[in-house]
Amino acid sequence: MARIEIKENNLAIDRIEERCIHCGMCLKTCRENNGLEHDCINCGQCLLTCPMGALIPKYCYQKVLNYLSDTNYEVMVITSPAVRVAIGDAFGYEAGTFLEGKMVSALKALGFAKIFDTTFGADLTVMEEAQELVERLKNQKNLPMYTSCCPSWVNYVRQFYPEKMANISTCKSPIGMIGAMVKSYYAEFNEIDPKNIILVALTPCVSKKEEIYHNPDVDFCLTTSELVLMLKAMNIDFNNLKDEAFDALLGKGSGAGLIFGASGGVMEAVMRTAYYLINHEKAPRKFYEFKEVRGEKDFKEATIDLKKYQIKVGVINKLATVKAYETKLDNYDFIEVMTCPGGCIGGAGQGLVAVNKLKETRAKRIQALYQDDSQNKIKDSYENEEIKEAYETYIKKGKVKLHNEKAKINC
Ligand code: SF4
Ligand code: SF4
Ligand code: SF4
């Protein structure tokens with residue numbers, strides 16, 4: 001049977017040839033999820049349905065372990081929202097168990113010098129993207145604006161809709177944002193030469209392995225499944241670890257930043273801040289449980305009252321939906337696109353789950369993120385104290401670049 005082709009320069013996935021039985025499931029998955037036949041945009045979804053475990057992320061964990069034992073470097077890590085609700089799968093926890101404290105503790109046990117929360121980076125993306133949307137609405141230019149944080153989506157546009165590149169937000173992705181802050185703001189504040197920092201992004205995503213190739217601020221992209229391999233190799237007893245907290249300066253994230261991990265989360269988060277920027281007041285209650293954009297429907301939509309503007313928003317929950325809605329997309333003002341079903345919680349770096357349990361597992365992970373947001377006192381990115389401090393003392397002085405000059409490469 002025909003199967004997916006993996007080119008030599010693919011930075012996201014590998015195949016263990018001896019395991020492959022040429023069943024064709026990988027190609028079927030790629031067709032269904034992405035509508036693709038021959039082109040790879042690095043999402044890794046095929047990896048989650050391969051019955052033989054023949055497809056794997058392009059591993060880098062051995063190199064990270066080597067750096068961890070090299071005293072010439074301070075090895076730091078940033079952790080994406082979706083990892084904390086999937087890491088427990090490998091250690092016997094119920095799907096969707098929220099294990100932020102244990103995840104931090106496990107990374108400390110591995111020897112990372114500092115552990116930061118990419119949720120802080122997501123808050124920066126919200127701040128910048130909301131501002132960018134307000135500007136575009138004011139000027140009625142480059143609408144609809146598309147989100148930029150999924151590198152597979154950006155790859156797809158680059159290959160198949162190059163004329164839409166100007167519609168993609170110029171904001172760096174959350175790992176791009178926090179990566180820039182670690183190597184400038186944090187390094188300056190602590191008088192560390194950024195050359196001595198090795199920054200590892202722990203993510204649910206194999207596509208980010210390609211994204212960081214274009215970004216000198218982030219040195220390695222490690223998946224949730226690779227972290228599990230590292231913990232097992234180092235005999236770290238995950239289940240008995242005590243909860244620990246992220247390191248300060250880049251360690252706090254709002255509820256809005258955390259829900260980035262679920263399809264519709266970026267949209268909901270950006271709407272909360274866009275409302276605030278336009279009206280100088282907190283958004284109405286509805287913005288904190290945006291039912292129309294939540295869940296696993298392929299296409300979700302809503303009309304949103306931002307007082308000065310009534311806008312139409314769309315959320316695309318798997319890439320094949322782009323093609324299906326192609327002719328309608330220009331009717332919207334803002335569109336979130338995530339390649340993986342369910343958003344990043346369903347990323348291919350999250351580790352293998354029985355195929356018939358994938359949907360249920362994703363639903364539990366999504367539920368865990370929304371629950372944390374609902375319990376978080378800080379639900380808006382602009383209320384995050386560390387974000388406020390970073391803007392006042394650093395970002396407003398123009399000391400760091402948070403946008404891509406052209407939305408060509410998502411880094
Ligand atoms: S799904 Fe796995 S086993 Fe089947 S053809 Fe693809 S790589 Fe080979
Ligand atoms: S990684 Fe994604 S785009 Fe590439 S072959 Fe697999 S499913 Fe298709
Ligand atoms: S949806 Fe998230 S996990 Fe999937 S490819 Fe995009 S960024 Fe990666």
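This is a predicted model: local features need pLDDT of at least 70, side-chain atom pairs count only at pLDDT 80 or more; totals for chains, interfaces and linings use all residues.
Residues are numbered from 1 along each chain as its sequence is written, and chains are lettered from A and ligands numbered from 1 in the order in which they are written.

Let me begin with the domains, whose bounds come from an automatic or database domain assignment. The assignment gives domain 1 as 13–57, domain 2 as 61–119 + 174–240, and domain 3 as 123–171 + 253–385. The centres of domain 2 and domain 3, taken over C-alpha atoms, are separated by 24 Å, and 26 residues of domain 2 are in contact with 26 residues of domain 3, contact being C-beta atoms, placed from the backbone, within 7 Å. On the side of domain 2 that touches domain 3, helix H7 (174–189), helix H8 (208–211) and H9 each supply at least two residues; helices here are DSSP runs of H or I with at least four residues, strands are E runs of at least two, and both are numbered from the N terminus.

Now to the ligands, where a residue is near if its C-beta atom, placed from the backbone, lies within 6 Å. Around ligand 1 there are 13 residues, of which Arg3, Cys20, Cys23, Cys26 and Cys50 come nearest. Ligand 2 is also surrounded by 13 residues, and the closest are Ile4, Cys30, Cys40, Cys43 and Cys46. Helix H1 (25–34) and helix H2 (45–49) each give at least two residues to that shell, with the largest share, three residues, coming from H1.

Which residues of helix H4 (residues 100–110) are buried? They are Glu100, Lys102, Met103, Val104, Ser105, Ala106 and Leu107, where buried requires 20 or more other C-beta atoms, placed from the backbone, within 10 Å of the residue's own. These buried residues pack against strand S3 (74–79), strand S4 (114–117) and helix H9 (224–233), and after H4 comes Gly111, with a positive phi near 105°.

Glu301 stands opposite Gly314 in S9, and in the hairpin, with four residues between the strands, Lys307 takes a positive phi near 65°.

Methods. Two strands pair if DSSP finds at least two bridges between them. A residue is buried if 20 or more other C-beta atoms lie within 10 Å of its own, exposed if 12 or fewer, and partly exposed in between; C-beta atoms are placed from the backbone. Two residues are in contact if their C-beta atoms, placed from the backbone, lie within 7 Å.
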